[in-house]
Amino acid sequence: MTYPHLCRMSHRFEIGGFYRVRKKIYDLHSNNPQPPRFCDAIQEADGKVYLEVKDKRTKRKTRILWQDVQCQMKDFAEAINQ
């Protein structure tokens, strides 16, 4: 199932005079009519991109720099291909 409307949606907002862009990331391989939201991708005013996950029970947000995710995935791919 494809969800082209979810792939295009993003939200730009201003905080303290600086713009941020937030993009909701969904599990597009889900069989649900509305795929579950996995996390948000956020681009800060300085250009850095983060993934942000919000715990539904505690409302605590966890952020990780996208560059860190890419580095760890690269290391993982190299390890399994040896």
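Is Asp40 buried or exposed? With a relative accessible area of 6%, Asp40 is buried, where buried means under 20% relative accessible area, exposed over 50% and partly exposed in between (1.4 Å probe, protein chains only).

## Basis of the report

This is a predicted model, in which local features need pLDDT of at least 70 and side-chain atom pairs count only at pLDDT 80 or more, while totals for chains, interfaces and linings use all residues. Residues are numbered from 1 along each chain as its sequence is written, and side-chain values use heavy atoms, with hydrogens and water left out.

Arg22 is found in strand β2 (residues 18–26); strands (E, at least two residues) are DSSP runs, numbered from the N terminus. Arg22 counts as buried, at 18% relative accessibility.

A salt bridge is a side-chain nitrogen of Lys or Arg within 4 Å of a carboxyl oxygen of Asp or Glu. Arg22 forms one with Asp40, the closest N and O atoms being 2.7 Å apart. This pair links distant parts of the chain, since Asp40 belongs to strand β3 (residues 37–43) and the two are 18 residues apart. The side chains of Glu52 and Arg22 also meet in a salt bridge (3.1 Å, N to O). Glu52 lies in strand β4 (residues 49–54) and Arg22 in strand β2, so this pair ties together parts that are 30 residues apart in sequence. Glu52 is buried, with a relative accessible area of 8%.

The side chains of Arg63 and Glu44 meet in a salt bridge of 2.6 Å, N to O. Arg63 lies in strand β5 (residues 61–65) and Glu44 in the loop between β3 and β4, so the pair ties together parts that are 19 residues apart in sequence. Arg63 counts as partly exposed at 37% relative accessibility, whereas Glu44 is buried at 18%.

The charged end of Arg63 also sits over the ring of Tyr50, 4.5 Å from its centre; the rule asks for NZ of Lys or CZ of Arg within 6 Å of the ring centre and within 35 degrees of the ring normal.

## The salt-bridge network

The count comes to seven salt bridges. Arg20, Arg22, Arg37, Asp40, Glu44, Glu52 and Arg63 are linked in a network of such bridges.

## Cysteines

The structure holds zero disulfides, a disulfide being a pair of cysteine sulfur atoms within 2.5 Å. Cys39 is buried, with a relative accessible area of 4%, while Cys71 is partly exposed, at 44%.

Methods: Helices (H or I, at least four residues) and strands (E, at least two) are DSSP runs, numbered from the N terminus.
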